[in-house]
Amino acid sequence: MNRLDGKVALISGAARGIGAETARLMVEAGAKVAIGDVLDERGRETVRTLGDAALYVRLDVTNEEDWHMAAAAAVDRFGKLDILVNNAGLFLGKDIEAASLAEWERLCAVNLTGVFLGTKLCLPALREAAQQSAHGSAIVNLASTAGLVGSTQDPLYSMTKGGVTLFTKSAALEFARKGYRIRVNSMHPGTIDTDMGDQVLATRARNLGTNDIEAARRQVIERLPIGRMGTPNDIAKGIVFLASDDAAFMTGAGLVADGGITAQ
Ligand SMILES: NC(=O)c1ccc[n+]([C@@H]2O[C@H](COP(=O)([O-])OP(=O)(O)OC[C@H]3O[C@@H](n4cnc5c(N)ncnc54)[C@H](O)[C@@H]3O)[C@@H](O)[C@H]2O)c1
């Protein structure tokens, strides 16, 4: 189950956090993985822990040329590209009155333009690999629970993730209509223990009028039906499933892993 033997993946923003854990699980499941990020040192360190099955490429997701180079590097090294994970993302943590136009534009560039460019520029390689594969190729986009329901902490982040949710469905429909055999699905994490998770807690603490991160963490956990925050591993397992042939009948769908927060 959830095996990726012989598959090649490119994961954006995979130097750390959910992306790095996804790279680790994908290698464990038999895939070769190209890790793209702007944190070169951290990215190379992550690759060192994964050995020959992984490759680091400098990839700023807002830059077209970087995407061309990253897709080409994956194909040059591993022979093809079956899986794209649009994982790179930014959180802002400001309310509408405090956010500036420049901050909004930066958020859009990474969370929205980055997903559009990744999808467009990896498409030729994904289409080619799909022709040789029983169930085709796969794209997994990192949305969020904030792309399904409103966010109490970050309305602009929520607006970008809502865009990722619907772009996922539209891309799935476009590629199906064109007969490309590329499934497109989204992953919707709740609050996950990563650097971004720390930023979410810091924002929550600020909105509570304190700088006590642990108080914010307790508040998050109290509201979670499952009673704990998520780990990168909780999310990486879902991404591996969506990328694998076990999800062969899923496209345009979203997988929620949020400890039950959006069930209430
Ligand atoms: N942590 C959470 O609570 C949470 C919840 C819901 C959704 N998500 C989503 O999951 C994804 C991964 O988040 P994470 O928690 O691992 O965050 P993280 O901050 O730990 O990792 C994000 C990675 O993206 C990279 N990145 C940022 N800008 C980039 C750019 N322009 N080009 C390439 N890489 C870039 C960063 O360098 C970093 O390595 C994001 O899309 C995030 O929005 C996270």
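**Exercise 1.** How far apart are the mean positions of the positive and negative charges of the protein?

*Solution.* The model is predicted, so local features need pLDDT of at least 70 and side-chain atom pairs count only at pLDDT 80 or more, while totals for chains, interfaces and linings use all residues. Residues are numbered from 1 along each chain as its sequence is written, and side-chain values use heavy atoms, without hydrogens and water. Step one: Lys and Arg count as positive, Asp and Glu as negative, and His and the chain ends are not counted. Step two: each charge is placed at NZ of Lys, CZ of Arg, CG of Asp or CD of Glu. Step three: for the 28 positive and 31 negative charges, the mean positions are 4 Å apart.

**Exercise 2.** State what percentage of the residues in the protein is buried.

*Solution.* Buried means under 20% relative accessible area (1.4 Å probe, protein chains only). Of the 264 residues, 52% are buried.

**Exercise 3.** Identify how S5 and S6 pair.

*Solution.* Two strands pair if DSSP finds at least two bridges between them. S5 (residues 137-142) and S6 pair in the parallel sense over six bridges. Asn-141 stands opposite Ser-186 in S6.

Key:
Buried means under 20% relative accessible area, exposed over 50%, partly exposed in between (1.4 Å probe, protein chains only). Helices (H or I, at least four residues) and strands (E, at least two) are DSSP runs, numbered from the N terminus.
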